[in-house]
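Student: I have a fold open on my screen and would like to talk it through with you. Could we take it piece by piece?

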Amino acid sequence: MGLPQPGLWLKRLWVLLEVAVHVVVGKVLLILFPDRVKRNILAMGEKTGMTRNPHFSHDNWIPTFFSTQYFWFVLKVRWQRLEDTTELGGLAPNCPVVRLSGQRCNIWEFMQGNRPLVLNFGSCTCPSFMFKFDQFKRLIEDFSSIADFLVIYIEEAHASG
């Protein structure tokens, strides 16, 4: 699983350059044309449903775009995606996770025999995760006799505070 080391480092370098250019250009545009950039970000939020989340104000998450925190988050995610590949019908990557207790483990440790393991990834800034959580709980109630379920809370891309 994963890419050969030389190819991986070249791809990581390319991703670093892509993300750096994206953040620098975004930051410059945000400074020069703040209203236009805000409208574009809100339009993207409409498409994803983020702006419909009543618990988050755009004033909290728009300023996080093109910040240093945003740069490191996007870079980390893009680098992880280079290694987290799978093939149709193959095993999912055995990604590291942290339990609520703080204990580190891997996703495969939650698999029990041949039972399917259903993963639900999301965060509070992801509207479909928050708005459909009750539906996921109903799935658990309906199918817990034949499958196992795991909620994986991902790092907030636009955390405020």
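Student: Where is Phe-33 found?

Tutor: Helices here are DSSP runs of H or I of at least four residues, and strands are E runs of at least two, numbered from the N terminus. This is a predicted model, in which local features need pLDDT of at least 70, side-chain atom pairs count only at pLDDT 80 or more, and totals for chains, interfaces and linings use all residues. Residues are numbered from 1 along each chain as its sequence is written, and side-chain values use heavy atoms, with hydrogens and water left out. Phe-33 is found in the loop between α1 (5–32) and α2 (34–48).

Student: About how much accessible area does the nonpolar surface patch with Phe-33 have together?

Tutor: Patch members have over 30% relative accessible area and no salt bridge; like charges are joined within 9 Å, and nonpolar side chains (Val, Leu, Ile, Met, Phe, Trp, Tyr) within 5 Å. Areas come from the Shrake-Rupley method with a 1.4 Å probe, and for residues only the protein chains shown count as cover. Phe-33 has a relative accessible area of 46%. Together with Val-21, Val-24, Val-25, Val-28, Leu-29, Ile-31 and Leu-32, the patch has about 740 Å².

Student: How many residues apart in sequence are the parts tied together by Arg-78 and Glu-18?

Tutor: A salt bridge needs a side-chain nitrogen of Lys or Arg within 4 Å of a carboxyl oxygen of Asp or Glu, and the side chains of Arg-78 and Glu-18 meet in one at 2.5 Å, N to O. Arg-78 lies in helix α4 and Glu-18 in helix α1, so the parts they tie together are 60 residues apart.

Student: Is Asp-148 buried or exposed?

Tutor: Asp-148 meets Arg-115 in a salt bridge at 3.0 Å, N to O. Asp-148 has a relative accessible area of 14%, so this residue is buried.

Student: How far from the centre of the ring of Trp-79 is the charged end of Arg-12?

Tutor: A charge sits over a ring if NZ of Lys or CZ of Arg is within 6 Å of the ring centre and within 35 degrees of the ring normal. Arg-12, found in helix α1, has its charged end over the ring of Trp-9, 5.2 Å from the centre. The charged end of Arg-12 also sits over the ring of Trp-79, where the distance is 5.1 Å.

Student: What kind of aromatic pair do Phe-65 and Phe-66 form?

Tutor: Rings of Phe, Tyr and Trp (its six-membered ring) pair if their centres lie within 6.5 Å; planes under 30 degrees apart count as stacked, over 60 as edge-to-face and the rest as tilted. By this rule there are six aromatic pairs. Phe-65 and Phe-66 are 6.0 Å apart, centre to centre, with 55° between the planes, and their pair is tilted.

Key:
Buried < 20%, exposed > 50% of the residue type's maximum accessible area, 1.4 Å probe, protein only.
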